[in-house]
Number of protein chains: 2
Amino acid sequence: MKPINVGILGLGTVGGGTFNVLMGNAAEIARRAGRPITVSHVAAREYDPTQLVGLDNVEICDDALALAQNPDIDILVELIGGYSPAREIVLKAIENGKHIVTANKALIALHGNEIFAAAQQQGVTVAFEAAVAGGIPIIKAVREGLAANHIEWIAGIINGTGNFILSEMRDQGRDFADVLQEAQALGYAEADPTFDVEGIDAAHKLTILASLAFGIPLQFDRCYTEGIGQIEPQDVIYAEQFGYRIKHLGITRKTEEGIELRVHPTLIPEKRLLANVDGVMNAVLVKGDAVGPTLYYGAGAGSLPTASAVVADIIDIARTLTTDPGNRVPHLAFQPDELSDDPVITMDAVQTAYYLRMTVADKPGVLAAISNILSDADISIEAMQQKEPHGGATEVPLVMLTHTVREHSMNAAMAKIKALDTVSGDIIRMRVEQLS
Amino acid sequence: MKPINVGILGLGTVGGGTFNVLMGNAAEIARRAGRPITVSHVAAREYDPTQLVGLDNVEICDDALALAQNPDIDILVELIGGYSPAREIVLKAIENGKHIVTANKALIALHGNEIFAAAQQQGVTVAFEAAVAGGIPIIKAVREGLAANHIEWIAGIINGTGNFILSEMRDQGRDFADVLQEAQALGYAEADPTFDVEGIDAAHKLTILASLAFGIPLQFDRCYTEGIGQIEPQDVIYAEQFGYRIKHLGITRKTEEGIELRVHPTLIPEKRLLANVDGVMNAVLVKGDAVGPTLYYGAGAGSLPTASAVVADIIDIARTLTTDPGNRVPHLAFQPDELSDDPVITMDAVQTAYYLRMTVADKPGVLAAISNILSDADISIEAMQQKEPHGGATEVPLVMLTHTVREHSMNAAMAKIKALDTVSGDIIRMRVEQLS
């Protein structure tokens with residue numbers, strides 16, 4: 001069969017890895033795909049030729065828009081990242097009838113609806129396996145492997161930097177700022193770690209997963225995000241004492257009221273596989289009505305793991321070149337005219353259990369006052385521990401787990417508790433999920 | 001688009017589940033697949049109509065061969081299991097131009113080469129996701145999701161019955177026979193548990209995975225199998241003391257000498273996710289050269305989980321109906337004319353580390369004699385523990401872990417150790433894998 005010509009845009013970490021996998025595994029890939037897949041063109045401003053194998057036979061330029069219009073290219077692989085000019089280049093390439101492969105989660109989460117509509121009109125495919133959880137074929141699993149199911153919920157560790165920090169805090173008893181600094185030194189965290197530790201990167205990925213699971217348009221702006229910067233070592237310890245671990249999860253769930261879409265620190269039972277995913281690794285737990293829980297684990301970032309997903313997408317597209325567009329796997333798992341208008345609900349309406357930590361006066365009646373407020377709000381306490389005072393301290397930490405309650409009620413109760421004379425400072429609140 | 005007509009052969013556990021998923025999730029499936037997928041015909045000898053939803057509009061007969069030739073059926077779903085008449089019916093349906101979906105691991109492992117050749121000639125697809133690890137989309141992951149990789153090895157818990165027994169032995173300190181009896185009472189194990197506990201069922205699945213990973217023809221007769229019936233509670237305890245857990249794994253690995261294909265009890269580090277997969281659940285760990293390790297976890301059996309995989313295959317086939325056959329995903333992941341003749345090597349040639357337990361006389365010089373035999377065979381000892389004698393016993397258990405060695409050398413050394421006057425009874429030997 002005719003070789004497929006690929007144009008790669010960007011030769012950074014992921015672009016370089018993609019180039020090297022396509023070159024290094026070319027024979028294996030052709031044995032699978034039934035035809036050679038050739039990198040014919042590359043557009044890159046900066047690259048290190050000593051890190052790239054077989055660059056000699058490739059046409060290199062620095063004009064991305066020219067690549068998007070080059071008639072010799074079948075598939076354009078966008079690996080420059082960011083919103084602009086990625087969006088303009090991708091739309092231009094689609095206009096020129098090219099299929100697209102991208103690892104750009106921000107682009108898909110924010111501009112995916114526009115991009116998929118354009119692709120649909122032109123009868124081309126935009127593939128984005130590498131945009132969620134790096135090398136883990138999670139998009140393929142949700143979109144095709146579990147296609148028989150009503151998906152009930154998804155919960156994932158989908159940011160390696162955050163998971164590395166939480167794993168180190170737990171294993172070493174270190175505090176957040178300290179570990180973040182190390183992560184930056186190791187290259188796991190950016191100089192500006194906001195995207196990772198505030199949950200924005202995870203929200204991009206979760207937005208994509210939610211659309212694939214429930215067939216709703218991409219709605220990044222409706223995703224709730226809460227970072228991990230407020231977690232203290234004592235919370236990690238108290239969680240363990242209750243039999244839980246703290247993970248920064250992206251959670252999306254279909255309820256009768258709509259779709260939950262939220263990224264936040266979460267206590268999960270220590271026996272769950274997801275609780276035992278450590279370091280920079282990613283894992284996604286998907287619950288389908290027929291299959292039950294399934295979990296997918298692997299490297300969520302890095303040059304070669306991400307390249308693995310990019311190249312798998314290229315092979316998939318090569319295979320569907322002769323398929324009429326209506327028979328291809330739809331971009332958002334459901335046919336474009338079958339998307340759902342289920343609303344994304346606000347956090348106020350979300351129902352979960354909670355971990356609470358507060359500082360209370362070490363004297364009689366305090367517990368009763370707090371318990372009464374919770375009871376009046378119909379919030380049941382599952383477990384409670386009042387810690388011993390340190391030295392001669394007159395205040396002690398009080399930690400508790402509640403049963404499931406609507407967040408709106410919890411917020412109201414927390415405001416009342418905080419107003420008590422016997423409670424000082426902020427109340428630390430984290431959500432608790434059983435994931436069963 | 002035109003509805004797809006499905007004929008289901010068999011309405012047992014998996015057939016009934018498949019029927020109910022296709023009926024119950026029909027709207028969701030059509031939203032994904034872009035067309036209705038309809039069960040038009042069923043052939044079954046025995047079934048319980050009270051367990052099947054929507055049976056009224058379906059034509060039911062008990063003539064499987066008639067179904068295989070019925071011109072109204074697009075996809076024949078074979079869920080009767082066993083070798084015969086499943087093989088004859090599937091071949092007849094292929095001859096009649098029908099696509100096949102099957103959950104029959106025995107059929108594929110033993111007759112897959114013949115069946116795929118026939119399908120290739122007729123330009124139809126035989127899909128078998130449900131044949132390996134039930135609801136986990138592991139075939140899709142290996143064959144498509146990781147298509148960019150040279151697969152290095154696969155290690156999987158691919159028999160739920162065996163994993164349930166080993167989990168119970170560990171958690172409760174019970175012995176094999178006792179737990180097997182409970183598993184039979186719970187319906188997890190068959191009255192004749194041979195296929196499960198001797199590793200034959202796992203060998204069927206591993207044979208399939210090895211072909212997908214390395215592009216070799218199916219060679220079930222070359223798969224080494226060792227059951228779990230010889231494992232004693234003390235081995236579980238000693239393994240834990242070394243930081244390991246015992247799992248019944250299917251392992252296939254590409255080496256310079258050929259392909260390893262083996263099912264046996266294996267000690268793996270307790271920190272690995274695979275070591276923490278308990279009960280009847282399955283999990284498969286796949287190492288690719290680009291992606292690194294990835295793991296896939298879920299229910300490996302059961303009515304609805306298996307149906308989830310069967311129905312995903314049906315949807316996949318619906319999508320490729322207009323694809324020319326040369327562009328479809330090849331049955332064994334690699335193009336039929338690109339299969340490899342890499343040999344499957346014998347256990348003699350396999351290199352692993354070992355756990356050994358033997359009963360030795362409690363007196364000086366015993367350890368030295370054993371150490372000398374191992375040293376002469378170039379076998380390094382990684383850890384050794386001589387246990388305390390019970391009461392006035394003159395013999396004690398000696399347990400050890402070795403470094404990696406060729407099995408041929410280990411067998412020779414074990415024969416010499418067994419011949420020592422100071423060693424009595426059999427030497428218990430299990431293989432140890434780091435899986436990193």
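Mentor: Let's begin with the two copies, keeping in mind that this is a predicted model. Chain B is superposed on chain A by a rotation of 180° with 0.0 Å of shift along its axis, and the RMSD is 0.0 Å.

Trainee: What makes the relation between the two copies a two-fold rotation axis?
Mentor: The superposition takes a rotation of 180° and a shift of 0.0 Å along the axis. The two copies are therefore related as by a two-fold rotation axis.

Trainee: How do you know that the copies meet through the same surface?
Mentor: Of the interface residues of chain B, 100% are also interface residues in chain A, so the surface is the same for both copies. In numbers, 56 residues of chain B are in contact with 56 residues of chain A, where contact calls for C-beta atoms within 7 Å.

Trainee: Which elements of chain B each supply at least two residues of the side that touches chain A?
Mentor: They are helix 2 (26–33), helix 6 (138–145), strand 12 (292–299) and helix 12 (303–319) of chain B. Helix 12 of chain B gives the most, with nine residues. By class, this side of chain B has 27 nonpolar, 19 polar and 10 charged residues.

Trainee: Why are strand 12 of chain A and strand 12 of chain B called paired?
Mentor: Pairing needs at least two bridges, and three bridges join these strands, so they count as paired. The two strands run antiparallel, and A:Y296 stands opposite B:Y296.

Trainee: Moving inside chain A, what is the strand order of the open sheet?
Mentor: The six strands are ordered 3-2-1-4-5-6, with parallel pairing.

Trainee: And why are strand 3 and strand 6 of chain A said to stand at the edges?
Mentor: Strand 3 (59–61) and strand 6 (126–127) of chain A each have a single partner strand, so one side of each has no neighbour in the sheet.

Trainee: How many bridges back the pairing of strand 1 and strand 2 of chain A?
Mentor: Strand 1 (residues 4–9) and strand 2 (residues 37–43) of chain A share six bridges in the parallel sense.

Trainee: Why is A:L67 called buried?
Mentor: A residue is buried if 20 or more other C-beta atoms lie within 10 Å of its own. A:L67 has 27 such neighbours, so it counts as buried. A:L67 sits in helix 3 (residues 64–69) of chain A.

Trainee: Which residues does A:L67 contact, leaving aside neighbours within four places in sequence?
Mentor: A:L67 is in contact with A:G7, A:L9, A:H41, A:A43, A:I73 and A:L76. A:L9 is 58 residues away along the chain, yet its C-alpha atom is 7.9 Å from that of A:L67.

Trainee: Finally, what domains does the assignment give for chain A?
Mentor: The assignment gives domain 1 (4–134 + 303–336), domain 2 (138–299) and domain 3 (351–432). The centres of domain 1 and domain 3 of chain A, taken over C-alpha atoms, are separated by 51 Å.

Note on methods. Residues are numbered from 1 along each chain as its sequence is written. Chains are lettered from A and ligands numbered from 1 in the order in which they are written. This is a predicted model: local features need pLDDT of at least 70, side-chain atom pairs count only at pLDDT 80 or more; totals for chains, interfaces and linings use all residues. Two residues are in contact if their C-beta atoms, placed from the backbone, lie within 7 Å. Helices (H or I, at least four residues) and strands (E, at least two) are DSSP runs, numbered from the N terminus. Ala, Val, Leu, Ile, Met, Phe, Trp, Tyr, Cys and Pro count as nonpolar, Asp, Glu, Lys and Arg as charged, and the others, Gly among them, as polar. A residue is buried if 20 or more other C-beta atoms lie within 10 Å of its own, exposed if 12 or fewer, and partly exposed in between; C-beta atoms are placed from the backbone. Domain bounds come from an automatic or database domain assignment. Copies are superposed by least squares on the C-alpha atoms of residues with pLDDT of at least 70 in both.
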